[in-house]
Amino acid sequence: MKYLFLALAIIFEVIGSSFMKASDGFSKFFPSVIVIAAYVVCFYFLSLALKTIPLGIAYAIWAGLGIVLTAAVSVFIFKQKLDLAAFVGIAFIIIGVVIMNFFSKTAH
């Protein structure tokens, strides 16, 4: 269940971030409400995941996958372009999360 909670936290973080763009600086009511609701749900599930996953590991996965998925939303939904440096940076984030999960004693 701990990784299901973490996955739900990531999904709601991506929803919140995506609707933050759509809220146009919190000037649009419904997207702004979705941002707030999504982040409340996100942090609730993150707090449940943190009961059994070490903070550093959970946060690395949450932030890393959140960045990757939010970047994907920006490309596919908002039609924003990512340059080579952005792709390299995202790759480093993914590599860092993998290293922490498979090689760090903190993860176990």
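**View 1. Asp24 has its place in the loop between H1 and H2.** This is a predicted model, in which local features need pLDDT of at least 70 and side-chain atom pairs count only at pLDDT 80 or more, while totals for chains, interfaces and linings use all residues. Residues are numbered from 1 along each chain as its sequence is written, and side-chain values use heavy atoms, with hydrogens and water left out. The helix labels follow DSSP: a helix is a run of H or I of at least four residues, a strand is a run of E of at least two, and numbering starts from the N terminus. Asp24, which follows H1, has a phi near 55°, a positive value in a residue other than glycine. Phe26 is placed in the loop between H1 and H2 too, and its phi, near 60°, is likewise positive in a non-glycine residue. For background, most residues other than glycine have a negative phi. Phe26 counts as partly exposed because its relative accessible area is 47%; the cut-offs are under 20% for buried, over 50% for exposed and in between for partly exposed, using a 1.4 Å probe and protein chains only.

**View 2. Here is the whole protein, with four helices and zero strands.** Reading from the N terminus, the order of elements is α-α-α-α. Along the principal axes, the C-alpha atoms fill a box of roughly 45 × 35 × 15 Å. The chain has 108 residues, 33% of which count as buried. The accessible surface comes to about 6900 Å², and carbon and sulfur atoms account for 78% of this area; such areas come from the Shrake-Rupley method with a 1.4 Å probe, and for residues only the protein chains shown count as cover. Take the contacts (heavy atoms within 4.5 Å) between residues at least 6 apart in sequence: 65% of them join residues at least 24 apart.

View 3. The 21 residues of H1 should span 30 Å at 1.5 Å a residue, and the end C-alpha atoms are 30 Å apart, so the two values agree; the expected span is 1.5 Å times one less than the number of residues.

**View 4. Trp62 belongs to the largest nonpolar core, which has 17 residues.** A nonpolar core is a set of buried Ala, Val, Leu, Ile, Met, Phe, Trp, Tyr and Cys residues joined through side-chain atoms within 4.5 Å. The members that touch the most others are Leu6, Ala9, Ile10, Ile53, Ile61 and Trp62. Beyond its neighbours within four places in sequence, Trp62 is in contact with Leu6, Ala9, Ile10, Glu13, Cys42, Phe43 and Leu46.

**View 5. The buried residues of H3 pack against H1, H2 and H4.** They are Ile57, Ala58, Ala60, Ile61, Trp62, Gly64, Gly66, Ala71, Val73 and Ser74. At 1.5 Å a residue, the 22 residues of H3 should span 32 Å, which agrees with the 31 Å between its end C-alpha atoms. Ser74 counts as buried because its relative accessibility is 11%. Setting aside neighbours within four places in sequence, Ser74 is in contact with Lys79 and Gln80.

**View 6. Lys81 is found in the loop between H3 and H4.** With a relative accessible area of 80%, Lys81 is exposed.

**View 7. Helix H4 (residues 84–103) holds both Ile99 and Ile90.** Ile90 counts as buried because its relative accessibility is 15%. Not counting residues up to four places away in sequence, Ile90 touches Val68, Ala71 and Leu82. Ile90 and Ile10 are 80 residues apart in sequence, with their C-alpha atoms 16 Å apart. Ile99, at 45% relative accessibility, counts as partly exposed. Ile99 also belongs to a nonpolar surface patch of about 960 Å², along with Leu84, Val88, Phe92, Ile94, Ile95, Val98, Phe102 and Phe103. Patch residues have over 30% relative accessible area and no salt bridge; like charges are joined within 9 Å, and nonpolar side chains (Val, Leu, Ile, Met, Phe, Trp, Tyr) within 5 Å. A salt bridge is a side-chain nitrogen of Lys or Arg within 4 Å of a carboxyl oxygen of Asp or Glu.
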